[in-house]
Amino acid sequence: MKETLLAPSLLSADFADLKSAVKKIEDEGGSVVHIDVMDGQFVPQITYGQPVIKSIRKLTKLPFDIHLMVEKPELMVDSFAQAGGDWITFHYESTVHIDRLISHIHSLGKKCGISIVPSTPVVALSEILPLVDLVLVMSVNPGFGGQSFIPYTLQKISQLKKIRSEKSLSFKISVDGGINEKNYAEVAEAGADILVSGSSFFSGKLKWEI
Ligand code: DX5
Ligand code: ZN
C-alpha cells in the first residue's frame, strides 16, 4: 500500500472553507489534490473554474490534478494550466482530436491524463496509452460524489496494468469514484497507483497511513 498515493477530491470539501480542506489534505496523507471541474454539460452539475483554482493554488505546493468533466476541453486547457494545474486530465468521451490535445497539454509543460467512464473499454485507449502520463479510470459514472463503486471497473485497472507492463509503458493508473475505507485495499491491489477519494476522505472514514 505504501507505494499507492492518495488524491483527495475537493468535491466533497466544504466550499465555504477550502483553506481548511487543503490543510486537511496536507495533514492527512494526500499526495495530490484532485480537482473536479464540471461544466453542467458533460455532467449535470457545475463546480468551480479557473479563478477558484488560482486562489487555492497559493495554499499548497502539492500537485493539482485537474479532472475536466467538460465538453470541448480543448477550449479550456490553457487557462486551467495557467490557473495552476500540474496534471490536466480530460475525458476520452468529451472530444475528438485526442492525440492533438495530448500534445498541446504537453506543449504547455503539463502532464496529461486521459479519463474513461465505466462503459468505455480500455481497448479504446490502445493508440494513445504510449502518449499519456496518467489514465484516470472512473469507477462511478462521473458527475457526483458519494456514489457506489462499480465492481466491473476493477478489471479495467488490471487490464491497464497488464498492458503497461507488456508494452513497457509508464503511465500512472488513477481510480476515481466510490473508493472508501472498505474497498481501497482491493482497488490498490488491482493496480491503482493513485486512489481518488472524496466523500470517504472528507467524512473522516478513510484514514491514510502516513
Ligand atoms: C465524480 C468525481 C470524483 C468524486 C469522487 O464525478 O470525478 O472525483 O469526487 O467522490 P467519491 O469519492 O465520493 O466517490
Ligand atoms: Zn474526479
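Me: Which residues coordinate the zinc ion (ligand 2)?

Reply: Donors are N, O and S atoms within 2.8 Å of the metal (3.2 Å for Na, K and Ca), and sites may look incomplete because water is not among the atoms. Here H34 (NE2), D36 (OD), H67 (ND1) and D176 (OD) coordinate the zinc ion (ligand 2), at 2.0 to 2.3 Å. This is a predicted model, in which local features need pLDDT of at least 70 and side-chain atom pairs pLDDT 80 or more. Residues are numbered from 1 along each chain.

Me: Why is the arrangement around the zinc ion (ligand 2) octahedral?

Reply: Six donors count as octahedral if opposite donors are over 155 degrees apart and all others between 65 and 115. Ideal angles for six octahedral donors are 90 or 180 degrees. The 6 donor atoms around the zinc ion (ligand 2) subtend angles of 70 to 170°, so the arrangement is octahedral.

Me: Where do D36 and H67 lie?

Reply: Strands are DSSP runs (E, at least two residues), numbered from the N terminus. D36 belongs to strand 2 (residues 33-38) and H67 to strand 3 (residues 64-69), so the pair ties together parts 31 residues apart in sequence.

Me: Are D36 and H67 buried or exposed?

Reply: Buried means under 20% relative accessible area, exposed over 50%, partly exposed in between (1.4 Å probe, protein chains only). Both D36 and H67 are buried.

Me: Which polar backbone atom is 2.8 Å from an oxygen atom of ligand 1?

Reply: A polar contact is a pair of N or O atoms within 3.5 Å. One such atom belongs to the backbone of G198. A backbone N or O atom of G178 also lies 2.8 Å from an oxygen atom of ligand 1.

Note on methods:
Chains lettered and ligands numbered in written order. Heavy atoms only, no water. Tetrahedral: all angles 85-135°; square planar, octahedral: opposite > 155°, others 65-115°. Helix = DSSP H or I, 4+ residues; strand = E, 2+ residues; numbered from the N terminus. Polar contact = N/O pair within 3.5 Å; in protein donor to acceptor, adjacent residues only side chain to side chain.
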